[in-house]
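I opened the model and went through it one item at a time. My notes follow.

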Amino acid sequence: MTIGERTVSKRSLSAVTNRVTGVLRYTRFQLAFKATLAVGIAWTLAPHVPGVASQYPYYAPLGAIVSMYPTVSGSFRTGMETLAGLVTGMLLALGALLIGAPNVWTISVIVGIGVLLGGLSFLGASGREYVPMAALFVLVLGGDDPDGYSFGYGVQMLVGVAVGLSVNALVFPPLHLNGAVNGLVTLRRSLARQLRDMGTALEETWPPEHEEWSQRESELDALTKEVREAVELADNSRHGNIRRRKYRRDISADYRALRAMERATRHVKDMTEVLADAIWRNPEHVAVPAALINPLADAVNACGEAVEKWDPESEEHSAATEALVKLVGLINTSASAESPVDATAALAMDMRRILRTITAQADDAA
């Protein structure tokens, strides 16, 4: 592999990572459009809400904003948690007003209690922030009619949440299945590329001049995390989504594939560390005998092709298994005190586990 090819390989790993995060960026644009629409509808409806609530129309757009979430189920959960936090904070403030008029001490104490109550589990991540906020607003802005203010505040927030949830559920309801599909493909190809790059390094004159492959562990970790988020987002986006019946997908199979690839990623990272030690970090104690370098390179390259294919019935998987069997046989005959084979054996064990992971995942799917 030439320097130019290695540069392209390094850029490719970043490029495929960007394709996964691109799904999330597209989701953000879609969410921004729907938030704009929901705020406009909520602001239009707010003045027509009957009773004292019409005096507080600005809270309806706020409710629409807080209910915007990348998934329909997330919008519902966020909206309900926000309303629960508001009601809790309002009740706290109204209870304090029964004792006396608000002052700097009572306001401070009530806000502090609101922060403590924000730890209640049913409020969730969204609701806990609104407990002290709602209590503060009622005490400071409620004026002579805290009951009316609380009612108007709550009703308008409810209107906004209802509008936001409706818009998110009916206007391009997000169903992020492609992100999961593309993410899994991206992760598989990245693992295959990493193995092939290590195989190429073994074929070069030692020590190899190019070592960017040895520094990709953090990139693989980041990519694995992105792919898991993509699969989880795809799963969550199905709940409450009217499009799920039209676009069916076995998310459980995606989770099985993800777990298998996460196991394979751990083995590839182990191989990266062992090989980097053998070449640069600790070659005196973690060495690969010269007689095993070429068979090891063949096995690593074949394993990369098997990961790319990810099919235990494929020719690539069979070729990788044969290359690994040959390597293990040579390890057994080459082992001696003068020619340690610990590093090679560790690499062979990781490759065996990778191939078994592919087979096990296929068996689970069947």
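**Confidence**

I started with pLDDT, the predictor's confidence in each residue, from 0 to 100. I took helices (H or I, at least four residues) and strands (E, at least two) as DSSP runs, numbered from the N terminus. This is a predicted model, in which local features need pLDDT of at least 70 and side-chain atom pairs count only at pLDDT 80 or more, while totals for chains, interfaces and linings use all residues. Residues are numbered from 1 along each chain as its sequence is written, and side-chain values use heavy atoms, with hydrogens and water left out.

I looked up the chain average and found a pLDDT of 84, with 87% of the residues scoring at least 70. Over residues 1-13 pLDDT stays under 50, and the model has 23 contacts for them beyond four places in sequence. A contact means heavy atoms within 4.5 Å. Where pLDDT is low, the predicted coordinates should not be read in detail.

**Whole chain**

I counted 12 helices and zero strands in the chain. I checked burial next: 48% of the 366 residues count as buried, where buried means under 20% relative accessible area, exposed over 50%, and partly exposed in between (1.4 Å probe, protein chains only). Of the contacts between residues at least 6 apart in sequence, 82% join residues at least 24 apart.

**α3 against α4**

I asked at what angle helix α3 (residues 72-97) and helix α4 (residues 104-117) cross. Their axes come within 10 Å and cross at roughly 145°. The axes are lines fitted to C-alpha atoms, for helices over the stretch in contact, and angles run from 0 to 180 degrees between N-to-C directions. On the α3 side I listed Thr88, Leu92 and Ala96, which meet Ile110, Ile113, Gly114 and Leu117 of α4. The residues of this contact divide into five nonpolar, two polar and no charged. Here Ala, Val, Leu, Ile, Met, Phe, Trp, Tyr, Cys and Pro count as nonpolar, Asp, Glu, Lys and Arg as charged, and the others, Gly among them, as polar.

**Helix lengths and what follows**

I compared spans with the expected value, 1.5 Å times one less than the number of residues. Helix α6 (residues 146-170) has 25 residues and should span 36 Å; its end C-alpha atoms are 36 Å apart, which agrees. Phe172 follows α6 with a positive phi, near 45°.

Helix α8 (residues 217-238), with 22 residues, reaches 32 Å from first C-alpha to last, close to the 32 Å expected. I noted its buried residues, among them Leu220, Leu223, Glu226, Asp235 and Arg238. Gly240 follows α8 and has a positive phi, near 75°.

The 20 residues of helix α10 (residues 290-309) should span 28 Å, and the end C-alpha atoms are 30 Å apart, which agrees. Just after α10, Trp310 takes a positive phi of about 50°. Most residues other than glycine have a negative phi. Trp310 lies in the loop between α10 and α11 (315-334), and at 12% relative accessibility Trp310 counts as buried.

**Val49**

I found Val49 in the loop between α1 and α2. Is Val49 buried or exposed? Val49 counts as buried, because its relative accessibility is 12%. Beyond four places in sequence, Val49 touches Ser54, Val155, Gln156 and Val159.
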